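This briefing covers one protein chain and the ligand modelled with it. Please keep the sequence and the 3D view open while reading.

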Amino acid sequence: MKVLTFFNHAGGVAKTSTVRDVGYVLGEMGKRVLLIDVDPQANLTKWLGVDDDIALTQTIYPAVLGEADRDTDEELDEPYAELVLPTPLPVHGVDLIPSHLNIAIIEREILSVFMGVVRLREALRRLEGYDYVLIDPPPSLGQLSALAVVAADQVVVPLPTNRKGLDGIPTVIKMVREYRKAAQNLRIALFVLTQHDRRTRHDRDSLDIIQSQLSSIAPVSTPLGSRPAYYSDAQVQGMPISVYAPGSDADREVRQVTAELLASLEAADG
Ligand SMILES: Nc1ncnc2c1ncn2[C@@H]1O[C@H](COP(=O)(O)OP(=O)(O)OP(=O)(O)O)[C@@H](O)[C@H]1O
Ligand SMILES: [Mg+2]
């Protein structure tokens, strides 16, 4: 089982879209896939078409902080006994642990737990039956992002080919180094280039800079093109790009990036 967190502290860089679309393609290839929404915005949950009212017990909350009303003595004897991942929801051929606005309380509650930041990692270690676990963190450097990245074996970094993408790179690299204090073997599997508008000079220049600066650190993907109509319609329909627009250029790009990710993971395995 490989656990991959799609990390970039910057907002709106296509973390959620990429988790949704790559996760779907892996599932379609016959891999057993679990997606975990660790963002209180719950975009991944909504964009996969889940509009039920999600209870806190269906989210990562019990795996991180246990049941809210448990007995204190028991907690001292068996600190991890009740930390379990909830039963995931099946969506589009993959499994999803959904999110809800209320998981935002983890940011505060986890500060009073010794080594709380490794709890999602511990819960995933006991998980069986999946080939890939893809985690979608929020756009922040808070506790939820730390939990999500520390739970991973490898990080995938979505990066738009523009000024915002370039500006975020030093912090992304610095933070991956920081997170290694809690997850020693963490490596960057792939920089996924997103929202690329090849008609603009700015994006073409940014693409060149990113490729030349980052390819010594980790593989850089072929770009996912900027296709606002597809991406916003797919969201409204609650579908991954490959379900919403099969055979389109957008679909082909997502499949190409998924193949590149698998190649990088295989190369790392030697
Ligand atoms: N290739 C693309 N072309 C056009 N629009 C895109 C593309 N990829 C993502 N978007 C749009 O960009 C916005 C941000 O994408 P997304 O929510 O996936 O990023 P995010 O990094 O998860 O954001 P947040 O930081 O808020 O969690 C969304 O409205 C999405 O539809
Ligand atoms: Mg997101």
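Why is helix α7 (residues 143-150) described as largely enclosed by the rest of the structure? Six of its eight residues are buried, so the helix counts as largely enclosed. The buried residues of α7 are L144, S145, A146, L147, A148 and V149. The model is predicted, and what follows should be read with that in mind.

**Sheet layout**

- Seven strands form an open sheet in the order β3-β4-β2-β5-β1-β6-β7, and their pairing is mixed.
- The edges of this sheet are β3 (89-91) and β7 (187-194), each of which pairs on one side only.
- On average, neighbouring strands of the sheet are turned by 25° against each other, with direction ignored.

**Strand β1 and its two partners**

- Strand β1 (residues 2-6) is mostly covered, with four of its five residues buried.
- On one pairing, β1 runs parallel to strand β5 (residues 132-136) over four bridges, and K2 stands opposite Y132 in β5.
- β1 also pairs with β6 in the parallel sense, over three bridges, and here F6 stands opposite V156 in β6.

- β6 and β7 run parallel and are joined by seven bridges.
- Within that pairing, P158 has V192 of β7 as its bridge partner.
- Although β7 is an edge strand, six of its eight residues are buried, and the strand is mostly covered.
- Helix α8 (residues 163-179) lies across β6 (154-160) and β7, and runs at about 165° to β6.

- β3 and strand β4 (residues 94-97) run antiparallel and are joined by three bridges.
- D95 in β4 is the bridge partner of P90.
- The loop between β3 and β4 contains H92.
- H92 is not a glycine, yet its phi is positive, at about 45°.
- Most residues other than glycine have a negative phi.
- H92 has 19 other C-beta atoms within 10 Å and is therefore partly exposed; a residue needs 20 or more to be buried.

**Nonpolar core**

- The largest nonpolar core has 70 residues.
- Those with the most contacts inside this core are L35, I60, V64, L134, I135, L147 and V156.
- One of these, L35, touches V19, G23, L44, V94, L96 and L134, leaving aside residues up to four places away in sequence.
- L147 is also one of the buried residues of α7, and V156 is the residue of β6 that stands opposite F6.
- In soluble globular proteins, nonpolar side chains tend to be buried together.

**Individual positions**

- A42 lies in the loop between β2 (33-37) and α2 (43-47).
- A42 has a positive phi of about 55° although it is not a glycine.
- Is A42 buried or exposed? With 22 C-beta neighbours inside 10 Å, A42 counts as buried.
- T200 is in the loop between β7 and α9 (201-214).
- T200 counts as partly exposed because it has 13 C-beta neighbours inside 10 Å; the limit for an exposed residue is 12 or fewer.
- From C-alpha to C-alpha, T200 and V25 are 29 Å apart in space, and they are 175 residues apart in sequence.
- A267 belongs to helix α12 (residues 249-269).
- A267 has 10 C-beta neighbours inside 10 Å, so it counts as exposed.
- A267 and A189 are 78 residues apart along the chain, and their C-alpha atoms are separated by 9.7 Å.

Definitions and conventions: Residues numbered from 1 in each chain as written. Chains lettered and ligands numbered in written order. Predicted model: local features only at pLDDT ≥ 70, side-chain atom pairs only at ≥ 80, totals over all residues. Core = buried A, V, L, I, M, F, W, Y, C linked by C-beta atoms within 7 Å. Contact = placed C-beta atoms within 7 Å. Pairing = 2+ DSSP bridges. Helix = DSSP H or I, 4+ residues; strand = E, 2+ residues; numbered from the N terminus. Axes fitted to C-alpha atoms, helices over the stretch in contact; angles between N-to-C directions.
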